[in-house]
Structures are given as structure tokens and as C-alpha cells.
Amino acid sequence: MTAYPVSNLLPREVVPGIHWLGACSNSGAWPGRAGKDVRHEHLSCYLIIGSERTLLVDTGHFSIWNSFHEQLEQALDGRTLDYVFPTHQEIPHAGNLGRLMRAYPNATVVGDTREYHLYFPEIETARLQRSAAGHRLDLGDREFITLAPVWFDLSGTMWGYDTGAKALFSADGLGYYHEHSPDVCGLLPSETPSDAVEFGILRFALPFVGMKYHDTAGGVSRFRDLTRRHPVSMICSAHGAPQAGAQQIEITERAIGVVEENQISISGPSVVRR
């Protein structure tokens with residue numbers, strides 16, 4: 001049993017110009033988990049193919065580099081990689097950044113890049129382009145907009161938005177854990193067998209910082225405001241399959257409902273407001 005299984009269904013072009021890549025994290029293969037329920041968490045990355053330039057959202061977990069690089073090459077289909085956008089510093093999101101910069105010497109890292117020279121000193125600082133929220137990258141027939149996150153996973157978290165598919169890239173937010181099954185990994189929510197537990201959703205991947213210690217009440221209204229400014233047709237979470245259409249609305253509203261139900265109302269210096 002491997003801790004990071006890779007579905008042979010990936011990469012997939014889920015809508016024109018957006019390819020789903022990555023793997024899963026298998027809790028059943030972690031130390032001390034023998035005999036316990038097997039649950040998977042998506043470790044999803046997304047390649048946006050514009051008419052002139054390409055952009056990769058997140059880098060894949062370093063344990064799946066060989067498979068991930070093959071997926072990326074297949075999805076690029078002869079194109080070069082122009083931009084890499086790690087949503088934050090954690091391993092599933094930035095772990096392969098050094099390898100990607102070696103494999104694609106003309107690529108530039110964009111986003112909140114303030115700390116990446118410490119994690120990857122081999123990357124030339126000129127290739128680390130810090131982008132404030134609202135920065136627009138021209139990919140040709142579409143733009144990628146860097147956004148301030150609604151919920152932080154780590155201090156360097158950023159979200160993104162693709163104008164071509166009206167896709168929101170929400171880092172850890174709005175994803176979910178799913179039942180382990182060869183028939184579920186690599187499937188969209190609309191394709192998940194109806195006899196899977198909760199249609200494949202076991203629990204939501206809520207903000208990494210945890211609602212037990214952080215007051216996230218303001219996040220719901222900020223999310224509503226963000227989607228008014230940037231209409232969303234697809235949610236692309238790093239810890240979920242891409243969600244579109246009616247199921248995207250249903251899953252998003254269920255996730256937000258869980259956030260609201262678990263709010264803490266205490267005040268004081270022990271509460272970090274995001």
C-alpha cells in the first residue's frame with residue numbers, strides 16, 4: 001500500500017484549457033494507521049493552458065515527482081511551462097518547486113514568493129516574482145488573477161482566478177476527503193458512484209489552521225463578496241476534485257455550512273482572526 005497513490009485517470013482536461021493533475025494522500029498507509037479506515041485526500045494541481053502562455057497552480061507532493069512530471073508533460077503536449085503559482089509553502093503545494101525550476105528553466109514563480117528563496121536557495125531570485133493580490137497575468141486568450149485568500153492555510157497563502165473558465169483556485173479551502181476506491185480517485189464529483197459514502201465525500205478539508213483556535217466568521221461574507229466580483233463556474237481546490245455546475249454549488253454550500261456551524265464566538269488575544 002502506498003501513501004501517495006496516483007490515479008491512472010490523470011491528467012484530465014476538465015474544461016477547455018484547464019488540466020487536473022496530481023495524486024491522493026492515503027491515510028491508511030501512514031505510520032500507525034494499519035487496520036484503520038482508509039481515507040484519501042486529493043493532492044490536486046491544475047495546469048492552465050492559454051493561447052500564449054501556461055501556468056501551473058501548485059507543484060505536487062515531492063513523493064510523486066516522477067509521475068507528476070509525466071502528467072505535466074502530457075498535459076503541456078509540447079508547450080513550455082511559463083508560470084508556477086504555489087498557493088502556499090506546504091509540501092503538497094510547493095514541494096516540487098525546485099525540481100520544476102530545473103526542468104523548465106524559462107519558468108517564473110508568481111504569487112507570495114517572499115520566503116521561497118529560503119526553501120529553495122538554488123532558484124535564482126530573479127525568477128521569484130512577487131505578485132500582490134489583484135495582479136493579472138496575461139496568458140493570451142485568458143488571464144490569471146492573484147487573489148487574497150478568504151481562509152489562510154499558512155502565512156503565504158494566495159488564491160487565484162482564471163477568467164477563461166471562471167475557475168477559482170482555493171488552495172486548501174473547499175475540498176474534501178473521500179472514500180478509498182479505485183473507482184473514486186481521479187473522478188469528478190458528478191462521476192462518483194452513487195453507492196460511495198456521501199458520494200465520495202467523507203469530510204471537508206476545512207481551513208488548515210483549524211476552526212477550534214481561529215475565528216473564521218468573517219470568511220463566509222468575504223467569500224460571498226469575492227464570488228460577486230469574480231463569478232465562479234468551477235472550484236479547483238488543492239484537496240478536492242474540480243467541482244462545476246450544480247454539484248459545485250451544492251458542495252460549496254455544504255462546506256460553508258460546516259464552517260458556520262463550527263464557529264467559535266470567544267474573543268481575546270487567543271483568537272486569530274482570518
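**Exercise 1.** State the accessible surface of the chain and the share that belongs to carbon and sulfur atoms.

*Solution.* The accessible surface of this predicted model comes to about 12,100 Å². Carbon and sulfur atoms hold 50% of that surface. As for burial, 54% of the 274 residues of the chain count as buried.

**Exercise 2.** Decide whether Gly156 is buried or exposed, and find what surrounds it.

*Solution.* 
1. Locate the residue: Gly156 sits in the loop that links strand E9 (143–147) to strand E10 (159–162).
2. Apply the cut-off: buried means under 20% relative accessible area. Gly156 has 4% relative accessibility and therefore counts as buried.
3. List the contacts, leaving out residues up to four places away in sequence: Gly156 touches Thr87, His88, Gln89 and Asp112.

**Exercise 3.** Work out how strand E6 (residues 108–111) is covered on its two faces, and which strands are joined to E6 by bridges.

*Solution.* 
1. Sort the side chains by face: in a regular strand they alternate between the two faces of the sheet.
2. In E6, Thr108 and Val110 lie on one side, with Val109 and Gly111 on the other. All four are buried, and both faces are covered.
3. Turn to strand E5 (residues 83–85): 2 bridges join E5 to E6, and the two run parallel. Tyr83 has Thr108 as its bridge partner in E6.
4. Turn to strand E7 (residues 128–130): 3 bridges join E6 to E7, again in parallel. Here Val110 stands opposite Gln129.

Methods: Residues are numbered from 1 along each chain as its sequence is written. This is a predicted model: local features need pLDDT of at least 70, side-chain atom pairs count only at pLDDT 80 or more; totals for chains, interfaces and linings use all residues. Side-chain values use heavy atoms; hydrogens and water are left out. Buried means under 20% relative accessible area, exposed over 50%, partly exposed in between (1.4 Å probe, protein chains only). Contact means heavy atoms within 4.5 Å. Two strands pair if DSSP finds at least two bridges between them. Accessible areas come from the Shrake-Rupley method with a 1.4 Å probe; for residues, only the protein chains shown count as cover.
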